[in-house]
Amino acid sequence: MHGRSHSQSGMRRPGPVRLLGLAALSILLAQGAAAQETLKLGISAPMSGAAATWGLGMEWAAEQAAERINAEGGLSAGGETYMLDIVAYDNKYSATEGARAAQTMLSRDGVKFVVGAIGTAPVRAMQALTERQGVILFNTAWGKSVKGPDFPYTFTQMNTPFEILEPFYTFVKEQHPDVKTAVLISPNDATGQELEPLAIETWKSLGVEMLASDWYERGTTEFQPIATKIASLDPDVVDFSAAPPGDVGAILKELDVLGWDGVKVMSAGTSVDALTAVAGEAAEDAYLGASADFDGPTATEVQRELNAGAREAIGEPLNGITISSYDAVMALQAAIKAADSVDPAKVKDALPTVRFESSYGPSGFGGEALYGYPQQMLLPVIVTQVKDGKPVELTRTNPAELEALLNK
Amino acid sequence: MEVFVQLLANTLQIGSVYVLFALGLTLIFGVMKIVNFAHGAFFTAAALVVTSVMPFATATLGLSLPASYLLAAIAAFAVVLCIGAVVFSFGFQYVLKDLNGSFILSIGLLLVLNGIYLAIYGGAPRSVPQVLPDTINIFGARLTEQRLALVIIAIVVTGGLYLLIERTRLGLALRAVAQDQEAAMLQGMPYRRVALSGFLIGAALAACAGVLMAPINAVTTVSGDEFLIKAFIIIIIGGLGSVAGAIVGGLFIGMVESVGGYFFDPSTATLAMFILVIAFLLVRPQGILGNAD
């Protein structure tokens, strides 16, 4: 009987009270929706191929930062609350795919903030769009060419050779004062090409003669020829420049077979796990310039938590590249708060002056003297060495600007 | 002198893997007249299976290193042959002698398989211990026993393939369809069945290369793709569809890489390979041992 009555009443036109009620409900729902906007944060990184581990790790670290901020109620700006959502694209470490990823991310997804982009070539391709369209681009590109006053929307989220090489090489030279000769092996791409002259110059300033500077293509499968050449030159140091850990591991393995046993230096050394997975014992005592022991005593609580989570979720610990997206999201959060807006133009103006809590501790942006614009995230330079297959932190140097920021 | 012996050893080490890989690719082209861009995925599958089964066999089953490697190799061949049979039955048998169709199909298949491998294994490089890790010195050239074993096995497998093609009924059928498929069918040869056999032998050769390389190089979900471009260079230089051409081309490219990488650098050696391919396509498009038609 009741059901029938309900059905019958449902057939009647709604009265004014019901209409008012529906209108009130609609307004409430609309306000609720407006109060919880979604802010998409993009990532353009290799998700396949030899460097896939970097992209997957970077995506995971950015998601952790977004989840933390969302769990705290989201990001408030201009009277709105934004929940963060990470959208990641595979740039395959190439300019072509970088451009394609940028087109999709900016045009289809309407991304206004990119919190992680890996590789100088894909970043350059992406930058052509982000600068023109006023999109903030955080990236890990090592090339100096992506920075400067002409690129005010671009920010670097990790140390690059221009921050790393001098303290890194100086430390290695102090540990091995007798080294006199070196060989440099670089991947033949934009990153390697921008790093090579700086590496040669820095070694020279330390009194180390460069016997040879050779190039190889990413994707090379056989490294015996280059190992044979290195072994025949018998340098005191082999510097693997911007080569990824997998390639370095393969060369170290061949050098071990050929009996070479000198000082191994990896400026772009990020992942000891990836290095030892390939080289095994041949990786022992290698120095890494972009790695860190996120389980060790000098790691922050946040880094330990993230590292443990990454091992669990993606089977890989984090490194200097992958953890950087967490720091980028934190920097962005601080800048959006300071600007009280999600307008990239206002956020861009706020970023150079904000102070935020990175995974390493307090941080900000600097590098104006070197790049002409304060767009380099200030982070400690950490030198690690492979000991018993594990990274061991040997020294940690704060850039002068970071030191000044910490002492304020 | 020692340097030249080392370069010769490097040539054989590099060339032997290239030969195995390129043999499968050229055999498939010869029999089916298709270009299989997914050939590297067979190599990758085999290598990945070895990196899964070997640790399991040693840690859980308690097998010795050689026994676990053998078990892993058997599993790798089984997996690759299953993948080969599935992709042939549901895809390649419909694009036989269709270059455009096979191009689209194999590129799509490659993307699908790479995605599956990445989802299962993740992006980190994987490795297994070498079964024969000791280093030996042959006339001044230093190489690991594992590499030497690879060269010997590659020679044996290549010899076995030669005998199979020259001395068996299946080999006769493969040669017949490669030379003139319609004439072979008129003689009563089941073309699709012969094509399947050729396809599976090609896949097994890629699997063999993957199994042999797994303990030597780190394995990623795209390991095989990195060999694919070299294999195309090899079969263009050696002659499309020519088994002997794949052997000559493989060793030739191994030599270019070894000598060029030593006297110049690996990038220059890679560039030289592409210049050689252009030169061959202009001057002798059928390759060293290919047929003019």
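Entry 1: I took helices (H or I, at least four residues) and strands (E, at least two) as DSSP runs, numbered from the N terminus. A reminder to myself: this is a predicted model, where local features need pLDDT of at least 70, side-chain atom pairs count only at pLDDT 80 or more, and totals for chains, interfaces and linings use all residues. Residues are numbered from 1 along each chain as its sequence is written, while chains are lettered from A and ligands numbered from 1 in the order in which they are written.

In chain B I found 11 helices and two strands. Along the sequence they follow α-α-α-α-β-β-α-α-α-α-α-α-α. The radius of gyration of chain B, taken over C-alpha atoms, is 19 Å, close to the 19 Å from the globule rule (2.2 Å times the number of residues to the power 0.38) for 293 residues, so chain B is as compact as a globular protein of that length. Its C-alpha trace spans about 55 × 45 × 35 Å along the principal axes. I call a residue buried if 20 or more other C-beta atoms, placed from the backbone, lie within 10 Å of its own. Buried residues make up 51% of the 293 in chain B.

**Entry 2: two helices of chain B.** I fitted axes as lines to C-alpha atoms, for helices over the stretch in contact, with angles from 0 to 180 degrees between N-to-C directions. Helix 5 (residues 145–167) and helix 6 (residues 169–179) of chain B pack at about 80 degrees, their axes 5 Å apart. That makes the two helices of chain B roughly perpendicular (65 to 115 degrees). For contact, I ask that C-beta atoms, placed from the backbone, lie within 7 Å. Among the residues that meet are B:Leu164 and B:Ile165 in helix 5 of chain B, and B:Leu170 and B:Leu174 in helix 6 of chain B.

**Entry 3: where the chains touch.** How many residues does each chain bring to the contact? I read 34 residues from chain B and 33 residues from chain A. On the side of chain B that touches chain A, helix 1 of chain B gives the most, with six residues.

**Entry 4: a covered helix in chain A.** Buried or exposed, what are the residues of helix 10 (residues 272–279) of chain A? Eight of its eight residues are buried, among them A:Val272, A:Asp273 and A:Leu275. Their cover includes helix 3 (52–71) and helix 9 (245–257) of chain A. Just after helix 10 of chain A, A:Gly280 takes a positive phi of about 60 degrees.

Entry 5: I count two strands as paired if DSSP finds at least two bridges between them. Seven strands of chain A form an open, mixed sheet in the order 8-7-9-10-11-16-17. Strand 8 (209–216) and strand 17 of chain A stand at the edges with a single partner strand each, so one side of each has no neighbour in the sheet. Strands 16 and 17 of chain A run antiparallel, joined by seven bridges; A:Val383 has A:Thr395 as its bridge partner in strand 17 of chain A. Helix 10 of chain A packs on this sheet, touching strand 11, strand 16 and strand 17 of chain A.

**Entry 6: an enclosed strand.** Five of the five residues of strand 4 (residues 113–117) of chain A are buried, so this strand is largely enclosed by the rest of the structure. Strand 1 (residues 37–45) of chain A pairs with strand 4 of chain A in the parallel sense over four bridges. Strand 5 (residues 136–139) of chain A also runs parallel to strand 4 of chain A, with two bridges, and A:Phe113 stands opposite A:Ile136.

Note on methods. Two residues are in contact if their C-beta atoms, placed from the backbone, lie within 7 Å. Angles under 35 degrees count as roughly parallel, over 145 as roughly antiparallel, 65 to 115 as roughly perpendicular and the rest as oblique. A residue is buried if 20 or more other C-beta atoms lie within 10 Å of its own, exposed if 12 or fewer, and partly exposed in between; C-beta atoms are placed from the backbone.
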